[in-house]
Amino acid sequence: MRFISESPEERAQCYRVLDNDGQLIMCSNFKKVGEEIAVKMYTDMVTLQTMDAVFYEAQRQGRISFYATTIGEEAINIASAAALTTDDLVFPQYREPGVLLWRGFTLQEFANQCFGNKADYGKGRQMPIHYGSNKLNYFTVSATIATQLPHAVGAAYSLKMDRRNACVITYFGDGGSSEGDFHAALNFAAVMEVPAIFFCRNNGWAISTPTSDQFRSDGVVVRGRGYGVRSIRVDGNDALAIYSAVHAAREMAISEHRPILIEAITYRVGHHSTSDDSTKYRPVDEIEWWRSARDPVARFRKWIESNGWWCSEAESELRNNVREQLLHAIQVAEKIEKPPLAELFMDVYDVPPSNLCEQEKLLGETVRRNPQYYPPDVSL
Amino acid sequence: MATTSLRTIGRSVCRVSRRGFSTSCDDKLVQPSSKSTNLYSAINQALHIALETDPRAYVFGEDVGFGGVFRCTTGLADRFGKSRVFNTPLCEQGIIGFGIGLAAMGNRAVAEIQFADYIYPAFDQIVNEAAKFRYRSGNQFNCGGLTIRAPYGAVGHGGHYHSQSPEAFFCHVPGIKVVIPRSPQQAKGLLLSCIRDPNPVVFFEPKWLYRLAVEEVPEYDYMLPLSEAEVIREGSDITLVGWGAQLSVMEQACLDAEKEGISCELIDLKTLIPWDKETIESSVRKTGRLLISHEAPVTGGFGAEISASIVERCFLRLEAPVARVCGLDTPFPLVFEPFYMPTKNKILDAIKSTINY
């Protein structure tokens, strides 16, 4: 009689391509990235980083109601997106706007959603950062944790049945891996044999809950085996490692009709959101160390510079340009009016039922009677 | 109002039968290709038709592969293949979450929950995801192709976990529809409408009637409209509203009341949300009295919504308070089931006290 130990003899290996100084690790196998893709990856990482700084400030100034940054996870966002095609479906959690950015979502489109104005594709119905784009195959963010995981499996099944040369990727955090939907999704994905990449951003924190309070396993990667799912652990701050792993995962997922679990080890440098002050539950010097010594953007910059594809002039020009564009986008978004009141009642169903038509009529009468109680930037 | 809904049904006409069930097709008017069919067979026919008419329709859930614990999915896997009709792992939140993803890609996903009593693990997916999928995305995405089927209601010996009527929980969720058929002929047409409706729908099937209810059901493809209530018995003294298996109990009460000179109008609500207020209101304006009956516990049951809405609309017309004859506020009991249930005698008592108010 032999019990299987609760923990393995050694922890799962972590795949890396670049060392902490952005130099290639000698014996590491990786998918080569050419100059054009590499530079786009880098500029998108910088854009994401800058967007976070500017929008976070905008929230602090009261111009938008809420924001959540992706600081520290720029490589995860951009490199994973770069390894996919736009035909691959994305089911995000909420810390993956970089995937949208890579696919072509504009700074103005991000700003419009954050302001919930008339140009927001979500029609002002959800909080900021709840982006979505059917054109870019990026399913709308919902704040509920891990609920997107089983959706991704159903969608992947559809791709398989339609014989599409595409997969789905779905993102979630270390906290999300504790949800029942994680268990449900991985199990279903394995049994239904679907082309789905499960990408875990293990950034060490679920708001204030460290991973030591989240699970007792060796992280999330080991759970894959529990469901019959092939898995890999990667350095989440190494853009090339992420790119290679996602590229390989995509091929396996599509050609073998199987799910793949990727656990990217990283650190959430920013607070959980603008409603959080993480210095209350973790040391400031820990945060600052990860912000500077382990910055995935700086690390990738070193690599592209060592290839002669980047320089400091390009750097300052990029950062200045992006910052200006962002400030402009915010100014424009702020001035655009909110969606009309009718949008409150649309899309609950495909066609508004009689109870909603009645409520819309009554609400209109109420607002006309006492307009002073209602925000003036929503037209009747 | 009543005749409008009868007319719009189109191919089949339903009248009160003497057979003891609240609906049957008038033999003279029924098309030739109609057969004596029970509820689970009628549902099975609807599923066959759904899969045959749409190559992107799927049926899945626990044990559906061999035909299902109530035989509703018999023959589907053999006919359409295991990639379109398949078993899922035992996980309701996974079944519904998977169904949402499938529907979001434009497929018709018909998910089965084995008993309505087990739908709760999927409640988050239904309420927070399916119901809001279209709205939150600004109509960029939708999961309208999702239909969730679950057997509900008393079965004589089901106890706490094989008898529940959870419809009220779902009636409080904007963005989904809740539909409950009363009979085989109704079930087939309503289920096909639910599957083809561009909104996520929860379809509760009265398990008591799976074998017990038998009537003529057309063999062809037909649909019955959603959000249209049907007056299945005309009367002038009191309006009774119900759904599902309860209607046949109410119908017996109506027959007994008639012997005492009380003329009852009986309405099948069919779609609980969005519900047809106009038909109910029009009937209450005629009769001045309303009685609602459902198996689910009375407190917070859907009868409360109907009562409140009708009182708002018909206060001055009402001759008596709105009566509700419902399940007790207890978990569904086993040996005490006959005491718990809103039986014919309770309904008759309530009819009489409403008339005599």
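Which residues is B:Phe60 in contact with, leaving aside its neighbours within four places in sequence? The partners of B:Phe60 are B:Phe86, B:Thr88, B:Ile95, B:Phe98, B:Gly99, B:Leu102, B:Ala109, B:Val110, B:Ala111 and B:Glu112, where contact means heavy atoms within 4.5 Å. This is a predicted model, in which local features need pLDDT of at least 70 and side-chain atom pairs count only at pLDDT 80 or more, while totals for chains, interfaces and linings use all residues. Residues are numbered from 1 along each chain as its sequence is written, chains are lettered from A and ligands numbered from 1 in the order in which they are written, and side-chain values use heavy atoms, with hydrogens and water left out.

B:Phe60 lies in strand β4 (residues 57-61) of chain B. Helices (H or I, at least four residues) and strands (E, at least two) are DSSP runs, numbered from the N terminus. With a relative accessible area of 0%, B:Phe60 is buried; buried means under 20% relative accessible area, exposed over 50%, and partly exposed in between (1.4 Å probe, protein chains only). B:Phe60 and B:Ile148 stand 88 residues apart in sequence, yet their C-alpha atoms are 10.0 Å apart in space.

Chain B as a whole contains 14 helices and 16 strands. Its radius of gyration is 20 Å, close to the 21 Å that the globule rule gives for 357 residues, so chain B is as compact as a globular protein of that length. The radius is taken over C-alpha atoms, and the rule is 2.2 Å times the number of residues to the power 0.38. Along the principal axes, the C-alpha atoms of chain B fill a box of roughly 60 × 45 × 45 Å. Of the 357 residues of this chain, 64% count as buried. Among its contacts between residues at least 6 apart in sequence, 81% join residues at least 24 apart.

Helix α2 (residues 39-53) of chain B has 15 residues and reaches 21 Å from its first C-alpha to its last, close to the 21 Å expected at 1.5 Å a residue. That expected span is 1.5 Å times one less than the number of residues in the helix. The helix is mostly covered, 12 of its 15 residues being buried; among them are B:Leu39, B:Tyr40, B:Ile43, B:Leu47 and B:Leu51. Not counting residues up to four places away in sequence, B:Asn44 touches B:Arg71, B:Cys72, B:Thr73, B:Thr74 and B:Leu76.

In soluble globular proteins, nonpolar side chains tend to be buried together. The largest nonpolar core here has 89 residues, and those with the most contacts inside it are A:Phe198, B:Ile96, B:Leu269, B:Ile280 and B:Ile306. This core draws at least three residues from each of domain 1 (2-218) and domain 2 (230-355) of chain B, bounds that come from an automatic or database domain assignment. Apart from it lies another core, of 76 residues, among them A:Phe30, A:Tyr67, A:Tyr138 and A:Val141. A nonpolar core is a set of buried Ala, Val, Leu, Ile, Met, Phe, Trp, Tyr and Cys residues joined through side-chain atoms within 4.5 Å. Leaving aside neighbours within four places in sequence, B:Ile280 is in contact with B:Ala229, B:Val241, B:Ile267, B:Leu269, B:Trp275, B:Leu290 and B:Ile310.

In chain A, A:Ile76 belongs to helix α2 (residues 74-82) and counts as buried at 0% relative accessibility. A:Ile76 and A:Tyr243 are 167 residues apart in sequence but 8.6 Å apart in space, C-alpha to C-alpha. Beyond residues up to four places away in sequence, A:Ile76 touches A:Phe199, A:Arg201, A:Gly236, A:Ile242, A:Ala264 and A:Thr266.

Backbone geometry provides the last topic. Most residues other than glycine have a negative phi, and most peptide bonds are trans. A:Ala146, in the loop between α4 (107-115) and α5 (148-161) of chain A, has a positive phi near 70 degrees and is buried at 0% relative accessibility. A:Glu193 also has a positive phi, of about 55 degrees; A:Glu193 is found in the loop between α6 (180-192) and β3 (196-202) of chain A and is partly exposed, with a relative accessible area of 46%. In chain B, the peptide bond from B:Ile273 to B:Pro274 is cis, with omega near -15 degrees, and B:Pro274 is found in the loop between β14 (271-273) and α11 (277-287).
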